[in-house]
Amino acid sequence: MRLSRQFTVFGSALFFVVIISLYLMLDHLQLDHTKNPSSGMDRLQTGQLSVLQDKIDRLERLLAENNEIITNIRDSVINLRESVKDGRRAGETGNFSQGPVELLPSPPLVIPIDSEDCQFSTRPYSKTADGQQMLDVNDLLAFDNPDGGVWKQGFEITYDEHEWDTEPLQVFVVPHSHNDPGWLKTFDDYFRDQTQHILNNMVVKLHEDRRRKIIWSEISYFSKWWDNIDDQKRDAVKKLIERGQLEMATGGWVMPDEANTHYFALIDQLLEGHQWLERHLGVKPKTGWAVDPFGHSPTQAYLLKQAGFSNMLIQRVHYSVKKHFAAQKSLEFFWRQNWDHDASTDILCHMMPFYSYDVPHTCGPDPKVCCQFDFKRLPGGRVSCPWRVPPQAITDNNVQDRARMLLDQYRKKSKLFRSKVVLVPLGDDFRYTEALEWDQQFQNYQKLFDYMNSHPELHVKAQFGTISDYFDALRKATGDGIGSPSLPVVSGDFFTYADRDDHYWSGYYTSRPFYKRLDRILESHLRAAEILYSLALANMRKVGKSNNFPATECYKLLTGARRNLALFQHHDAITGTGKDWVVVDYGTRLFHSILNLKRVIVNSAHWLALKDKQMFNHDASNLFLQMDDVQPAQDAQPRKTVLKIGLNPRSLVIYNPADQARSSVVTVYVNTPHVRVLNTYGQLVRVQVSAVWEDTTQVSKEAYQLSFVAQVPALGLSVYQLSEGAELQTELSQYVVLQQGNELSIKGAEDFHVAKSQVETEPIIIENAHLQLKISPSTGLLERLRLKEDGVEQQIKVEFVWYGTTSKKDKSGAYLFLPGGEATPFSSSRPPVIRVTKGSVFSEVTTTLSHITHTVRLYHIQGVEGQVAEICNSVDIRGEFNREIAMRITSDLNSKDRFFTDLNGFQIQPRRTMAKLPLQANFYPMSSMAYLQDPSFRLSLLSAQSLGASSLRSGQLEVILDRRLNQDDNRGLGQGVLDNKVTANAFRLLLEKTSSTEEPQAEASTPYSFPSLLSHMLYMHLNHPLIPMATGLDTAEVPLSPYAPLESSLPCDVHLVNLRTIQSKDEGGGPSEEAALILHRKGFDCHFSSRNTGLLCSTTRGKLSVDKLFGGLSVRKLTPASLSLLHSQENGQSSSQISLKPMEISTYRLELS
């Protein structure tokens, strides 16, 4: 009786608190109006009735929300009273254990943000004296292409012979072989036919003469070769490394693309390569080597710096930018991040000056001369010089002339730099495959060097070197140390790349978009699997038993997935620029890795969710949990599996991969519309049951879509129960289906209310507590969006457009975007079928056009996902000829020629649409988001896949969704892009009102910008959705409980990039007790509202207490390390507090138990 009374008192108190809150909120709304008289005046002018209407709307909404809260409290009190009265509730609900009644606490109305955390994004920008900002460089350049003579894209270079009298020229010739891990052949075929022979010959030929050197970059190939050689050869390789004859440059798994890649995967491929090198060779690379990625991102520079690198080299930069940098002698510079005010991110960078990294374009400005010193092209070989002057073998008779001819090129090249040290790469794609080529190059060059070095009057010292040999000499010559006065500072990025004329490489930002999406799905699965697996192992250590948990087997699956994801970051993989069968090979690897990671996720979740760990039993052929979707093949869309629901409850374990506790919508397919859902504590959950549409007019009779809002702790698990039964909390979706001028016949929808319409003139409206969307009844596409809190309505119009290709000889292909002019409107070949769905959990409009199925959805949820419109497109252009399809969003925002795209999901790069450039040059990579802004609003498009984006007019944003091109674009691929798939892509559209009078960092001179906290969270939720896993039908007796690994949510601006178990040093390659904890503190803009986000987090000036981080687990050791773990702090002491600067990514060696 006392308990019953307590619950009643508790309920009454909560009711009182809610009423007071409602009063305060209304009072606050009134204050908001008095604070902002100008907006009040504007509204008065349009009539006081509209003001009154707004207030009534607001009051109705607040009352409705309040009603819902009171209903929930009443239900909770009734449920609790019932469970106390007879103790039967837990037993009735099957496999649930009794637990404390604690759903997620209520989120604050406004996120608590420390004022210090807002200062980072609002600091005034000041440029360094000798600094170059790429936005300014692009403004300055004419981007013309005059004939520069022998150096076509440059200028004539002259010198005085006596310039080197006091300080001789130092020449470092750096032999290299660029091995693409897949392009015209698959990775395995290249290895079999070429790469293994290069490496086998390397061991023999470098041992013949200690003066010979070479650099190697791609560890994916090196590790495969290492696995196939004997100990004698391995020892010989180690000797070459010790002697400095062989250097590992960059040492990543691949040489990654820098446009489409996400920083999670860039770190993954670097870690995989570096961990392999440390384990097998004890090598710590210090210099980056990137000769082939199609444009360069400062994100990669930052990651190399964080990994402990001192130097890096880049090559593919727009020819006009190269010429400008050469004229300024700025080709060597300290690359600094846009946001960096203290030079802490500076890394020394060398930009190669000429057209290519092949031999004709690396010895100096004249390719006709340089080609004569590529001795693989000697007469009688398979390759020759296009300039029709062949190389000559070096003899005593010609060595003087040939050496002087080559030295002339070296001297001219050195005139483009500020030091008397010159770098001359010597290599090309898959070079040095045959012993003969090793002899031709090394013997002839050695004769040239010997001649040069033995003639002091030439004032030159020439030798073979590695890339680090070169940088060491350069630092010595220019005065060592960061911020050296003799070298400039450069900030910004090097997109979009053009190698000649108007040939801009903006096509590959979208090519093969199906696989760009699959890449992100694998990333999300890999991160989820890494974290759950590491937590499961730590929990096993804590309880001292693991039963038969398949730890080693799972670790091998993780390693395979890491390597397949890493391989796909290669600059001919994620870019979509490989041969068709190579793309299939990559896709198959991604597909198998996703399947394998699902096994790791369900095994780890099984262990963590079990109340009694003794009951854990691993059965590989019948896993305890099953993921709710199946992808039938590498090139097919995933399909939901239908869960059989009966009278006995079936558990649904839900994992939240986000860093913060979360309320999000979960959707599963079930076999009946009569379903009740209970949460962990036996309380009924509101459910929306929708039809599964097989096509526009056919509803499935086998499956129903079940949607509800799940509450899950940060990085944790919640358990829900599904059982058959009629329930008031379960509501059916209601439908209106319309096609202008056509009476549709809907089949199989007997369970649902479906209205049909032929003529509709009024806009279709869907809305939730935050947003109202108005959709055209004729096109089925969004036209207007209203923010309910402010009553502000904006034109935000979605449309689709086509790009064709030019009629000139050179046409668009896998790499190049060469449109035939401005886009033309897309018009469907048949009137669209528009289906409106309304329900208690979500409402949506799905429009079926001839090439696109387009859905815009609103969630009825108090929190992050309620503030945004979700857009999904399913695109099919398989019947088209030389066409590209784009989604264009047109708004009222006065963004002028400014827009913003992200770089690698890590940072935002301001862009300027330049009329002096062709249309294709104004497209940039968008790997996670793009936005427009004016002083009042910001409109963001968040993306679940990497695509090309632009803003060609003020207020407009467009994204290329897919491209089908019937010809090669003459960049070596030798084919068009004709392997299109039905491709799904997902976006979130967010309109934010600035909450202060000053515009968010929008001055034309400011080279940085930051997303809002809400935008960061939405991106996280979009790319890392909740993962539901169902128990089998025969597992009802196994008690499960929720799992919360963190004491509380991480700070709102801190992201756990990865918790990656490190490989054991023992043979067998299982897991060690250490994990790499990688954290990123995000930069964010405080000018936007953080009200009603539903977030249960705050900001803490980047400080985290280690002891309070993991609930129930103790931190045995936490040691700061470099990004890829190659360098740890000298003392190796364990830290008790983590402190991160804004934008910083840091790695720690972590031991949990």
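Author: Let's start with a word we will need: a residue is buried when its relative accessible area is under 20%. Keep in mind that this is a predicted model.

Reader: Thanks! How many residues of α20 are buried?

Author: Eleven of the eleven residues are buried, so α20 is largely enclosed by the rest of the structure. Among them are L1013, H1016, Y1019 and N1023.

Reader: And what covers the buried residues of α20?

Author: The cover includes helix α17 (513-543). It also includes the strands β17 (662-670), β38 (929-933), β39 (937-943), β42 and β44 (1054-1063).

Reader: Let's turn to aromatic rings. How many aromatic pairs are found in the whole structure?

Author: A search finds 55 aromatic pairs.

Reader: Where do F120 and F1010 lie?

Author: F120 is in helix α5 (residues 115-122), while F1010 is in the loop between β42 (983-993) and α20 (1013-1023), so the pair ties together parts 890 residues apart in sequence.

Reader: Is F120 buried or exposed?

Author: F120 counts as buried, because its relative accessibility is 12%. F1010 counts as buried too, with 4%.

Reader: Which angle separates the planes of F817 and F923?

Author: Their planes are 90° apart, and the centres are 5.4 Å from each other, which makes an edge-to-face pair. This pair also links distant parts of the chain: F817 sits in the loop between β28 (792-803) and β29 (824-825), and F923 in the loop between β36 (907-912) and β37 (924-926), 106 residues apart.

Reader: Which residues form one aromatic cluster?

Author: You can pick out F373, F375, Y432, W438, F442, Y445, F449 and F464.

Reader: Which charged ends sit over a ring, as with W802?

Author: Over the ring of W802 sits the charged end of R883, 4.0 Å from the ring centre. Likewise, the charged end of K224 sits over the ring of F191, 5.3 Å from its centre.

Reader: Last, how should I read two crossing helices? At what angle do α18 and α19 cross?

Author: The axes of α18 (residues 551-568) and α19 (residues 580-609) cross at roughly 145° and come within 9 Å. Their crossing is left-handed. Residues that meet there include L557, A561 and F568 in α18, and Y586, L590 and V600 in α19. By class, the contact has ten nonpolar, five polar and three charged residues.

Conventions. Residues are numbered from 1 along each chain as its sequence is written. This is a predicted model: local features need pLDDT of at least 70, side-chain atom pairs count only at pLDDT 80 or more; totals for chains, interfaces and linings use all residues. Side-chain values use heavy atoms; hydrogens and water are left out. Rings of Phe, Tyr and Trp (its six-membered ring) pair if their centres lie within 6.5 Å; planes under 30 degrees apart count as stacked, over 60 as edge-to-face and the rest as tilted. Helices (H or I, at least four residues) and strands (E, at least two) are DSSP runs, numbered from the N terminus. Buried means under 20% relative accessible area, exposed over 50%, partly exposed in between (1.4 Å probe, protein chains only). A charge sits over a ring if NZ of Lys or CZ of Arg is within 6 Å of the ring centre and within 35 degrees of the ring normal. Contact means heavy atoms within 4.5 Å. Axes are lines fitted to C-alpha atoms, for helices over the stretch in contact, and angles run from 0 to 180 degrees between N-to-C directions. A crossing is left-handed if the near helix is turned anticlockwise from the far one by less than a right angle, and right-handed if clockwise. Ala, Val, Leu, Ile, Met, Phe, Trp, Tyr, Cys and Pro count as nonpolar, Asp, Glu, Lys and Arg as charged, and the others, Gly among them, as polar.
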